[in-house]
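Have a look at this one when you get a minute. I've jotted down some points to go through with the model open beside you.

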Amino acid sequence: MALEKDSIAAMWSLVLLWHTPMQDQQLGIHPASPLYALGHYYRGRCNQRLKCYNDAIDDYTQAIMTSTERQDEEIAERERRKVVKLQENRNNFGLSFGPGEAEDETASDNRKPDEHTVPLAQTMLAKVYHKRARCWEHIAMLDAAIDGYTFAISLDPLNPEYLFYRGRCLCSMGRYQDAVVDLTAALAQEPSNSRVLYHRGVSRYRLQEYRTAIDDLREALDKQLEAGCIPNCWSCIGVCHSNTNDHMAAIESFSKAIQIDPDHTDSIHERAKAYQAIQDHELAIADFTQFLRYH
């Protein structure tokens with residue numbers, strides 16, 4: 001069976017974690033070596049993909065602790081050369097730090113070097129903080145997640161992915177105004193990012209900023225929003241229209257959500273209320289009846 005590049009990198013890194021102290025001495029690997037941090041990082045990624053979030057958090061924490069331990073200049077320079085050589089060897093095999101994660105990574109990792117580019121070691125550390133924060137969020141430790149995203153942003157302030165995830169987490173916590181700030185900053189880097197537009201639209205909807213929410217949500221749809229979010233996006237647009245007393249536009253939006261997902265109960269219920277508002281009681285009763293079948 002062929003192994004994915006990411007799996008090869010992870011297994012290679014795990015070997016580093018299994019060295020005995022004698023082997024470490026023979027190989028010249030210092031206990032605070034960046035190689036150990038890399039090993040914990042890749043094992044953390046494997047655990048994260050297996051949804052073993054607590055184990056992933058432990059690994060990412062160890063990677064952070066190892067990376068931030070103080071070393072004298074001689075050790076630091078020796079270990080730096082090893083990591084550079086390691087990176088060169090891995091590049092020869094088509095591998096790199098952080099391969100194969102299109103769902104998590106962003107185009108910002110491929111930014112052309114300029115005066116704002118963050119050094120590799122710093123971007124790697126930011127990535128570890130970010131991934132640990134993702135794990136905290138998965139186990140509903142949202143305050144810890146926010147702290148992690150904040151550390152990542154402090155190390156790589158122009159990375160829109162980190163801003164997006166902190167903004168989304170803030171929205172989940174009901175901190176909608178703070179979420180809008182982060183999501184707006186993310187959009188400054190990636191103006192066409194549909195998922196950022198969607199979550200900013202949801203945050204603005206929660207803030208009762210209905211006009212701007214509709215603008216964001218419609219733009220997200222125009223920019224190929226992922227399929228799983230589309231019914232809820234139309235439903236949010238519908239609620240915004242209802243709250244501005246444009247009930248016909250609301251009915252049209254709810255109907256689009258229901259057409260995509262016939263079991264979208266929120267849209268069925270809200271459309272019933274919109275029909276009731278325009279005194280179309282027969283259609284209102286039909287939707288209310290359909291809604292009650294789900295409860």
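Where does Gly174 lie? I'll come back to that in the last point.

1. Ground rules. This is a predicted model, so keep in mind that local features need pLDDT of at least 70 and side-chain atom pairs count only at pLDDT 80 or more, while totals for chains, interfaces and linings use all residues. Residues are numbered from 1 along each chain as its sequence is written, and side-chain values use heavy atoms, with hydrogens and water left out.

2. The overall picture. The chain has 15 helices and 0 strands; here helices (H or I, at least four residues) and strands (E, at least two) are DSSP runs, numbered from the N terminus. Of the 295 residues, 47% are buried. Buried means under 20% relative accessible area, exposed means over 50%, and partly exposed is in between (1.4 Å probe, protein chains only).

3. Contacts along the chain. Take the contacts (heavy atoms within 4.5 Å) between residues at least 6 apart in sequence: 56% of them join residues at least 24 apart.

4. Two helices side by side. Now find α8 and α10, whose axes come within 10 Å and cross at roughly 30°. Axes are lines fitted to C-alpha atoms, for helices over the stretch in contact, and angles run from 0 to 180 degrees between N-to-C directions. The two helices are therefore roughly parallel to each other (angles under 35 degrees count as roughly parallel, over 145 as roughly antiparallel, 65 to 115 as roughly perpendicular and the rest as oblique). Where they meet, α8 brings residues including Phe164 and Tyr165, and α10 brings residues including Val196 and His199.

5. A salt bridge between them. The chain has 11 salt bridges, a salt bridge being a side-chain nitrogen of Lys or Arg within 4 Å of a carboxyl oxygen of Asp or Glu. One of them pairs Glu161 with Arg195, with the closest N and O atoms 2.6 Å apart. This pair links distant parts of the chain: Glu161 is in helix α8 (residues 160–172), Arg195 is in helix α10, and they are 34 residues apart. Both Glu161 and Arg195 are buried.

6. One Asp, two Args. Which residue does the side chain of Arg200 meet in a salt bridge? Asp216, at 2.8 Å, N to O. Arg200 lies in helix α10 and Asp216 in helix α11 (residues 210–222), so this pair ties together parts that are 16 residues apart in sequence. Arg204 forms a salt bridge with Asp216 too, its closest N and O atoms being 2.9 Å apart. Asp216 counts as buried because its relative accessible area is 3%. Salt bridges that share partners join Arg200, Arg204 and Asp216 into one network.

7. More on Arg200. This residue sits in helix α10 (residues 194–206) and counts as buried because its relative accessibility is 12%. Leaving aside neighbours within four places in sequence, Arg200 is in contact with Val180, Leu183, Thr184, Leu187 and Asp216.

8. Back to the glycine. Gly174 lies in the loop between α8 and α9 (176–189). Its relative accessible area is 37%, so Gly174 is partly exposed. Gly174 and Arg206 are 32 residues apart in sequence, with their C-alpha atoms 8.5 Å apart in space.
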